[in-house]
Amino acid sequence: MLIGEVARRSGVSARMLRHYESLGLVRPSGRTGSGYREYSGEDIQRIFHVESLRAMGLSLREIGRALDDPGFTPSALVDDLIRRTRERIAVETELLTRLRRVHATDPAGWEDVLQVVTLLGALGSKSADARQRAALASVDEVPVEALVEAALGESDPNVAGALRWALARSGDGGPALLAEGLGSPVAAVRERAVRSLAEMPGGEATALLRNALASPDDTVRGYAALALGTRGEADAVPVLVDLVVAGTNDTDAADALSLLAGDDAAADRIAAELVDRLARDTTGASARGRLAQALAGVPGAGSSRALQELLRDEDRAVALTAAYLLQLRDVG
C-alpha cells in the first residue's frame, strides 16, 4: 500500500508518516519499482500502535523505546501515565482555582490582579511570617474561599489567629465554607473550622455552632459551646458543664455559665444542672471540686442552696470550697 492510501485509511498525514520514518518509528517494508514507499500489513499495524500510544500521552521518543524494547511491560507504562496525568490535573486544577479567585475579586486593572496573585502566593508561603502578613492584609483583597482554605490548613497558631481575624471581617460566604470543614475526617481541620466559626459574627455562624453542639467530636462541641455561651445561647449549658467536669477549658466554661445566668430563672436552671452533675456517682473528686467552684459564678437562691448542701459533703475539699464561697457571698 502506497503512502497516500495509508494516509487516507489511517488518518495519519503523509507528512507525519515521513516524520515517523525519519525517527525510525515506522519504516515502510518495501519500495515499488518506481521507488515509492510501500507499506505492508505489519507496517500499518505499527502505525496504529504508534497512534494509540500518542493518544495516551507518550512522546514519540517514548513510543520508540516502548515498541523496540523486548522487555516492555504495558502495565508499568500505564501506571506511569496515570501518575503523570494526575500530576498534570493537579497543576491545572490549582491554576484554575487561582484564576477563579482572582476573577472573583473583580480587578479593575493589572495592579489589582498582581496584588491578589501576590497575596494568594503569600498565603501558601513556607514562611509563617509571610503567611501571617498576607492574612492580615487579605480582608478586602482575597476571596473568602481562599481565606477559608488557608485557615483550615494552617498549623501555626499565630498565623491561624490572623486568618480567623481576617475571616471574621470577610463578609458573607465564610460560615458555609467553614461548615464543610466541620465534617472533615481530619480532627485538626474540624477544630480549625469550629474555632474560625466561633470568631465569626452573625446568625449564620451562630446556627452552625448550635448544630455543632451535637457533633461526635468533643473538641468541636466544646469550642461551639464556649462561643455560644458568650452569645447568650442557653443550649450550650449542658456542654459547658461537660467541660467543667472534664477539666477542659473549665475556667472559660465556668465564666460562660456565669454569663448565661443573667436572670433568676436561667441562674436556677444552671445551678440545677451543676447540682445534678455533683450528685452523680461517676463524678470524680477533682471534677466535683470544679463543679462547686462553678457554682460561685451563678447568682441566685438555687446556687446558694446548693452550696449549703455541699457544706455536708463527704469530700472535705468540696465542703471547704462551699464554705469559702458562701462566706464570700455573705461578705458581698
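I began at Arg277, which counts as buried because its relative accessibility is 8%. The cut-offs I used are under 20% relative accessible area for buried, over 50% for exposed and partly exposed in between, with a 1.4 Å probe and protein chains only. The model is predicted, with local features needing pLDDT of at least 70 and side-chain atom pairs counting only at pLDDT 80 or more, while totals for chains, interfaces and linings use all residues. Residues are numbered from 1 along each chain as its sequence is written, and side-chain values use heavy atoms, with hydrogens and water left out.

**Entry: partners of Arg277**

I looked up the salt bridges of Arg277, taking a salt bridge as a side-chain nitrogen of Lys or Arg within 4 Å of a carboxyl oxygen of Asp or Glu. Asp242 forms one with Arg277, with 2.7 Å between the closest N and O atoms. Asp242 is in helix H14 and Arg277 in helix H16 (residues 264-279), so this pair ties together parts 35 residues apart in sequence. Asp242 has 33% relative accessibility and therefore counts as partly exposed.

Glu273 also meets Arg277 in a salt bridge, at 3.7 Å from N to O. Both Glu273 and Arg277 lie in helix H16, four residues apart, or about one turn of the helix. I noted Glu273 as partly exposed, at 22% relative accessibility.

**Entry: other salt bridges**

I found 15 salt bridges in the structure. One of them joins the side chains of Glu199 and Arg164, at 2.9 Å from N to O. This pair links distant parts of the chain, with Glu199 in the loop between H11 and H12 and Arg164 in helix H9, 35 residues apart. Glu199 counts as partly exposed at 40% relative accessibility, whereas Arg164 counts as buried at 11%.

**Entry: second largest pocket**

I then turned to the second largest pocket, which holds about 180 Å³ of space. On a 1 Å grid over the protein atoms alone, a pocket is an open set of points where a 1.4 Å probe fits, with protein on both sides within 12 Å along at least five of seven lines; lining residues have an atom within 4 Å of a point. The volume is the space filled by probe spheres set on the points, which are joined across faces, edges and corners.

Asp242 is in the lining, along with residues including Asp218, Arg221, Tyr223, Leu243 and Asn249. Helix H13 (218-230) and helix H14 (237-246) each supply at least two lining residues. H13 gives the most, with five. I sorted the lining by class into four nonpolar, four polar and three charged residues.

**Entry: helix H10**

Which residues of helix H10 (residues 174-182) are buried? I list Gly174, Pro175, Leu178, Gly181 and Leu182. Seen down the axis of H10, they fall within an arc of 105°, so they line one face of the helix; the arc is that of the directions from the helix axis to the C-beta atoms. They pack against helix H8 (144-153), helix H9 (157-168), helix H11 (187-198), helix H12 (203-212) and H13.

**Entry: whole chain**

I recorded 19 helices and two strands for the protein chain, these being DSSP runs numbered from the N terminus, with helices (H or I) of at least four residues and strands (E) of at least two. Of the 332 residues, 39% are buried. With a contact meaning heavy atoms within 4.5 Å, 50% of the contacts between residues at least 6 apart in sequence join residues at least 24 apart.

Note on methods:
Ala, Val, Leu, Ile, Met, Phe, Trp, Tyr, Cys and Pro count as nonpolar, Asp, Glu, Lys and Arg as charged, and the others, Gly among them, as polar.
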